[in-house]
Amino acid sequence: MKILITGGAGFIGSHVVRLFVTKYPNYQIFNLDKLTYAGNLQNLTDIENAPNYTFVKGDITDQAFISNLFQEQKFDAVIHLAAESHVDRSITDPMAFVFTNVIGTCYLLHAAKELWKSDFSNKLFYHVSTDEVYGSLGEEGMFTEETKYDPRSPYSASKASSDHFVRAYNHTYGMPVKVSNCSNNYGPNHFPEKLIPLALNNIKNEKPVPVYGKGENVRDWLYVIDHARAIDDVFHKGQVGETYNIGGVNEWRNIDLIHLLCDIMDRKLGREEGASRKLITFVTDRAGHDLRYAIDSSKIMNELGWEPSVTFEEGLEKTVDWYLQNEDWLQNVTSGNYQEYYQKQYSQ
Ligand code: NAD
Ligand code: TYD
């Protein structure tokens, strides 16, 4: 089987690529990535020479390129993760999210339909999406697969739109599709603009740790490798046309999570108890900041037998150790050096 994974140089995509390349040596895995600021081939150096792995540098918003790639490579399946993924960036630059997340997804769907339209059997377009499409919860309740879409940021609106297009291709053309909507991920390779890696990096460097508003917003955190395992389960065992919610059953108020991160870092770095908490700085809230996300994962747990493999304590311990041991990765992504690395290797 020939599988196109888009966005495989990013945070979640790199874990999905590694899992598929190593677990399924008979599959040919193509990783298509534009290598934006968030894409980093250093995430994949351990598997870059695997015989069943090919990296392709390219932009999903380049329709001619995408169309040629599908016609040339004749993929059997697509696992689509490439996206602009940061809510704060979507507030300052919403059009980038429209182009990549909406139009880019539509170009992929169109190319897949053109390639597969005479026979959709054994083909699959799998869209990896977010729980943010469901909007924001109050203090009670959880998102299920039946929750009405109510996206409220340009990021979540773009992901909701792409989810709708994926389902429309299933309904209108009969294309086999699957969608999964996941909660906030954390773990190795996470770009330090998102809360957990940003906080760890700033604590390490004794810089202020920005907390938006009062820090009362709640997120449900899932270890990224458990998300990759869930994607594997949905890809292989999920029903065509179905949606699966994936979450960690692990809700934290931002301020409580940051306190925990500060305390772990004090212990690991041998700092005085409470030292890192002094770095916490309350800043102006994010515009339209969603209060709470929480996922009901019972469908994927009951139907596909998936469950998280690590507790939050274990996952955080691994994550903090990874960031402390991978100083060069952090230096590179914060300095831009990694862009020189890949530009030398993969200049178009
Ligand atoms: P990321 O920002 O770390 O990585 C995105 C990748 O997509 C990068 O490698 C980037 O270079 C690539 N990319 C961006 N624009 C592209 C384009 N036009 N053409 C080709 N490649 C392009 O994102 P992530 O956190 O790994 O998220 C991956 C997917 O999972 C996204 O679709 C996101 O919406 C979804 N998701 C993320 C989370 C989370 O907590 N991070 C949770 C649920 C769902
Ligand atoms: P983030 O990691 O950007 O993910 P998302 O917005 O997709 O949930 O943010 C997680 C939470 O942390 C969110 O409520 C916003 C908040 N936050 C801060 O308080 N400070 C920060 O510096 C960042 C990046 C986020």
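Hi everyone, let's start with a pair of helices: α2 and α4 cross in a right-handed sense. Before going on, please keep in mind that this is a predicted model.

So how are α2 and α4 set relative to each other? Helix α2 covers residues 63-73, and its axis lies 9 Å from that of α4, at an angle of about 35 degrees. On the α2 side, the contact uses Gln-63, Ile-66, Ser-67, Phe-70 and Gln-71. Facing them from α4 are Tyr-107, Leu-108, His-110, Ala-111, Ala-112, Glu-114 and Leu-115. By class, that contact has seven nonpolar residues, four polar and one charged.

Now stay with α4, and let's bring in another partner. Helix α4 runs over residues 94-116 and α5 over residues 154-173; their axes come within 8 Å and cross at roughly 15 degrees. Because angles under 35 degrees count as roughly parallel, α4 is roughly parallel to α5. The crossing of this pair is right-handed.

Which residues meet here? From α4 we have Pro-94, Phe-97, Asn-101, Val-102, Thr-105, Cys-106, Leu-109, His-110 and Lys-113. From α5 come Pro-154, Tyr-155, Ser-158, Lys-159, Ser-161, Ser-162, Phe-165, Val-166, Tyr-169 and Tyr-173. Sorted by class, the contact of α4 with α5 holds eleven nonpolar, six polar and two charged residues. If you have the structure open, look for His-110 of α4: it takes part in the contact with α2 and also in the one with α5.

Helix α1 spans residues 11-23 and α7 spans residues 224-237; they pack with axes 9 Å apart, at an angle of about 55 degrees. That angle makes α1 oblique to α7. This crossing, too, is right-handed. The α1 residues in the contact are Phe-11, Ile-12, His-15, Val-16, Leu-19, Phe-20 and Lys-23. Among the α7 residues they meet are Val-224, Ile-225, Ala-228, Ile-231 and Phe-235.

Now for the ligands. How many residues surround ligand 1? There are 28, and the closest are Ile-12, Asp-33, Ser-85, Tyr-155 and Lys-159.

A few polar distances are worth a look. A side-chain N or O atom of Asp-59 sits 2.9 Å from a nitrogen of ligand 1. For Ile-60, a backbone N or O atom is 3.0 Å from a nitrogen of the ligand. Leu-81 also uses its backbone, with a polar atom 2.9 Å from an oxygen of ligand 1.

And what surrounds ligand 2? Here we find 17 residues, and the closest are Glu-132, Pro-210, Arg-219, Arg-286 and His-289. The side chain of Glu-132 places an N or O atom 2.6 Å from an oxygen of ligand 2. Asn-184 has a polar side-chain atom 2.9 Å from an oxygen of the ligand. For Leu-195, a backbone N or O atom lies 2.9 Å from an oxygen of ligand 2.

Definitions and conventions. Residues numbered from 1 in each chain as written. Chains lettered and ligands numbered in written order. Predicted model: local features only at pLDDT ≥ 70, side-chain atom pairs only at ≥ 80, totals over all residues. Heavy atoms only, no water. Axes fitted to C-alpha atoms, helices over the stretch in contact; angles between N-to-C directions. Helix = DSSP H or I, 4+ residues; strand = E, 2+ residues; numbered from the N terminus. Parallel < 35°, antiparallel > 145°, perpendicular 65-115°, else oblique. Left-handed = near helix turned anticlockwise from the far one by under 90°. Contact = heavy atoms within 4.5 Å. Nonpolar A, V, L, I, M, F, W, Y, C, P; charged D, E, K, R; others polar. Near = heavy atom within 4 Å. Polar contact = N/O pair within 3.5 Å; in protein donor to acceptor, adjacent residues only side chain to side chain.
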